[in-house]
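The tour below goes from one selection to the next and says what is found at each stop.

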Amino acid sequence: MGKEIISGGEALMRSLIKEGVDTVFGYPGGSIMPVFDAMYDHRSDFRQVLVRHEQGAVHAAQGYARSSGKVGVSIVTSGPGATNTLTGISDAMLDSTPVVVIAGQVGCAVLGTDAFQEIDFVGITQPITKWSYQIRRPEDVAWAVARAFYIAGTGRPGPVVLDFTKNAQTAMTEYEPVYVDSVRSYVPYPTPCRSAVEEAAALINSSKRPLMLVGQGVELGEAHEELKALIEKANIPAARTLLGLSALPSDHPLCVGMLGMHGNYGPNYNTNECDLLIAVGMRFSDRVTGNVATYAKQAKVIHIDIDHAEINKNVAVDVPIVGDCKEVLPMITELVESRDRKEWIESFAKYNAIEYEKVGAKALNPGSGPLLMGEVARKISEATNNSAILVTDVGQNQMMSSRYFKYTLPRSILTSGGLGTMGYGLPAAIGAKMAMPQRTVCLFTGDGGFQMNIQELGTIMEQGTGVKMILLNNNYLGNVRQWQELFFDHRYSWTPMLNPEYSLIAKGYGIASRLVVDREELDDAIREMLSTDEPFLLHVAVKEEDNVMPMTPPGATVSEMIFE
Amino acid sequence: MDKKLYTIIIYTENIAGMLNQVTAEFTRRMMNIDTITASSSSVEGVHRYTITLWGEEESIEKVTKRIEKKVDVLKADYYVDSEIFFQEVALYKLSTPKIMENNQISRLIRHSAAHVIEVNANYTVVEMTGSTDDILELYDKFVALQCMQQFVKSGRVAVPRDSVENLTELLFDEDYKRKPTKNRE
């Protein structure tokens, strides 16, 4: 019996199903119509989610990927459909999120002629993808899709683009599934160097004041237990980056808080007091290091990362270990010895208490006056038993919710860390809820970012996605306003914002909403929001000129945080 | 820090768009490539780029690692001149009437490492392979003798001085690839 003859578009369907795809976020258009036509026959094979803008398609795929660990998929048309995905692709590149973006392309015969909706998508996306490839023949579909999923999801994950020419979608081919489990020029899981592991263990054993820096790599490598085993055996306090917040539960006795510009005082201060930094699955972003010239100069540095190019990129490393943290951490654990570091570990609590006294107490229990972002975040965290997935937009809403949420489960924070994409939150929350329907998904957004992809309320309406949207409305582009207040002499250029009546917008999309202005109403409104599985917009009027504190000012030393 | 001339040797899969991916890493940092040579290598299906540019070691090392990280790049290493053998090739198109007028010109050609590859009534094409300095020195002399019509010089080709010769093994050895870019000998 001969092999089946099918179209390139149908070959894409078979390939996606073979990869286990259960949800696709997309938007049709001219150059991708044969693919959408093929999808029509597969409506029962996977969920097909029509977004309202292609940027939303990629952010939704990111939310899907980051909450579940699976590869997210978007399918869009050529030209504007493709260019609208660029922000999401860049975001996925910087935050190591596995997504495959399939874009239509004009037929091979007219490539390079400025045909209608033709752009050089491979050329545009090469610098912002792990791999970008044009499929020009139907017989290449199975191979290209298999390779795309393999590259996106292995090693340090990232976005892959497939630029699918129209002729390849319609032409017929023999189809046979292709399995890709290696690429000769690509080493996704480098073998850790044994002598470096021994050197690292020796440094840890002789260290009096070690500090573990935990990044998203621990989540991506699913090394939560391996991390705990190491820090518990050796008694190492551990701080998490923004993207690594749920890599270690907030209430773990060795968890000392969050790093970074708006992180906790304890770990930031002690970064410049420790004698050993052990960084795992993090990249020493400038938001974490502050002024790199004065960053942890007194300390030896061990850097564990799966990506060779991260070593010595921002911070000089004494012992690099290139490998998968799930493999490396147990190798170190085996060689470390228990040490009494009680005094050192307690010192974090001492500085965190200073922060609480100066900032936290007021943020969480202001008593009177307008509602504050921090108290809203903490209340919702507690109301969800600290087990919700927090999705944030970018800005003050991001920092306040991530600071005051508590994390008990892995993959519980989805936020745009590297690119800082306003508009990320709403579509990412949709993707997360679709991937993890059994979990409560709480989006924290601001009045600025919410409106950047507000059209995705249409997707929520159509799909009935039970996302809990918490809009912290201060009538400002709050983070920029904060910087203007602190560093630009209170000159509020372009930051005050006239807002629409959000309850009417929600109503227009058939989404229940409630506006909360008074503190006394908050608990009841949260109860109402969480009482059903339906989508809900909780619109909270918060203090207009509130600042995220503490803060390491731009260019300052990591330990020198300001509190007001 | 001192700026030095570095030579980066890169092995990639022979696919469309690869050079663009490599050069984009320089564009992003506004690092100006001095010369670039791209051609097939001794391994079938593998292309070899030789790129020279001025820079500080720290930034050269970082950009080299970022290039090697690309999925379809097999290997990337950087070298200073003392670590490699290197050559360039130049073509000088000279005016034949000027050469006939001034016998200093033909004497210069005979006493240099250059070869004449074409002579006709209008022009003479001279080829020379050598170091950049030798090539430019000859260029200056032809210019001084007022016979130069056109000049072109290739990018550098280079082979490392180290004695590892089994390229196939080298390119596909995972452990070797993960060693620091420097000190691989």
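The stops that follow cover parts of chain A and then chain B of a predicted model.

**Stop 1: the core of chain A**

Select Ile380(A), Phe405(A), Phe444(A), Ile470(A) and Leu538(A). These residues have the most contacts inside the largest nonpolar core, which has 41 residues. To see where the core comes from, colour helices H15 (342–364), H16 (373–383), H17 (396–404) and H23 (519–530) of chain A, then strands S17 (441–446), S18 (468–473) and S20 (536–541); each of these elements supplies at least two residues of the core. In general, nonpolar side chains of soluble globular proteins tend to be buried together.

Now centre on Phe405(A). Setting aside residues up to four places away in sequence, Phe405(A) touches Ala377(A), Ile380(A), Ser381(A), Ala388(A), Leu390(A), Cys442(A) and Phe444(A).

**Stop 2: helix H16**

Select H16(A). Is this helix mostly covered or mostly uncovered? Eight of the eleven residues of H16(A) are buried, so that it is mostly covered, with buried meaning under 20% relative accessible area. The buried set consists of Met373(A), Gly374(A), Glu375(A), Val376(A), Ala377(A), Arg378(A), Ile380(A) and Ser381(A). Show H15, H17, S17, S18, H23 and S20 of chain A alongside: the buried residues of H16(A) pack against them. After H16(A) comes Asn385(A), with a positive phi near 60°.

**Stop 3: the six-stranded sheet**

Switch to a cartoon view and pick out the strands in the order S16-S15-S17-S18-S20-S19 of chain A. They form an open sheet of six strands with parallel pairing. The edges are S16 (413–414) and S19 (512–516) of chain A, each of which pairs on one side only. Within the sheet, S18(A) and S20(A) run parallel and are joined by six bridges. Select Asn473(A) to find Ala541(A) of S20(A) opposite.

Continue into the segment after S20 of chain A, where Thr552(A) is found. Thr552(A) counts as buried because its relative accessible area is 4%, under the 20% cut-off. Beyond neighbours within four places in sequence, Thr552(A) is in contact with Gly260(A), Met261(A), Asn268(A), Thr557(A), Val558(A), Glu560(A) and Met561(A).

**Stop 4: strand S9**

Go to residues 210–214 of chain A. S9(A) runs parallel to S12 (residues 276–280) of chain A, with five bridges between them; Leu211(A) stands opposite Leu277(A) in S12(A). S9(A) also pairs in the parallel sense with S10 (residues 238–240) of chain A, over three bridges. There, Met212(A) has Ala238(A) as its bridge partner.

**Stop 5: chain B**

Display chain B, which has seven helices and nine strands. Its C-alpha atoms fill a box of roughly 60 × 40 × 30 Å along the principal axes. Of its 185 residues, 43% count as buried. The accessible surface of chain B is about 9800 Å², and 50% of that belongs to carbon and sulfur atoms.

Finish on that surface with Leu91(B), Ile117(B) and Val152(B), which form a nonpolar patch with about 250 Å² of accessible area together. Val152(B) lies in strand S8 (residues 148–153) of chain B and is partly exposed, at 47% relative accessibility.

Terms used
Residues are numbered from 1 along each chain as its sequence is written. Chains are lettered from A and ligands numbered from 1 in the order in which they are written. This is a predicted model: local features need pLDDT of at least 70, side-chain atom pairs count only at pLDDT 80 or more; totals for chains, interfaces and linings use all residues. Side-chain values use heavy atoms; hydrogens and water are left out. A nonpolar core is a set of buried Ala, Val, Leu, Ile, Met, Phe, Trp, Tyr and Cys residues joined through side-chain atoms within 4.5 Å. Buried means under 20% relative accessible area, exposed over 50%, partly exposed in between (1.4 Å probe, protein chains only). Helices (H or I, at least four residues) and strands (E, at least two) are DSSP runs, numbered from the N terminus. Contact means heavy atoms within 4.5 Å. Patches are made of residues with over 30% relative accessible area and no salt bridge: like charges are joined within 9 Å, nonpolar side chains (Val, Leu, Ile, Met, Phe, Trp, Tyr) within 5 Å. Accessible areas come from the Shrake-Rupley method with a 1.4 Å probe; for residues, only the protein chains shown count as cover. A salt bridge is a side-chain nitrogen of Lys or Arg within 4 Å of a carboxyl oxygen of Asp or Glu. Two strands pair if DSSP finds at least two bridges between them.
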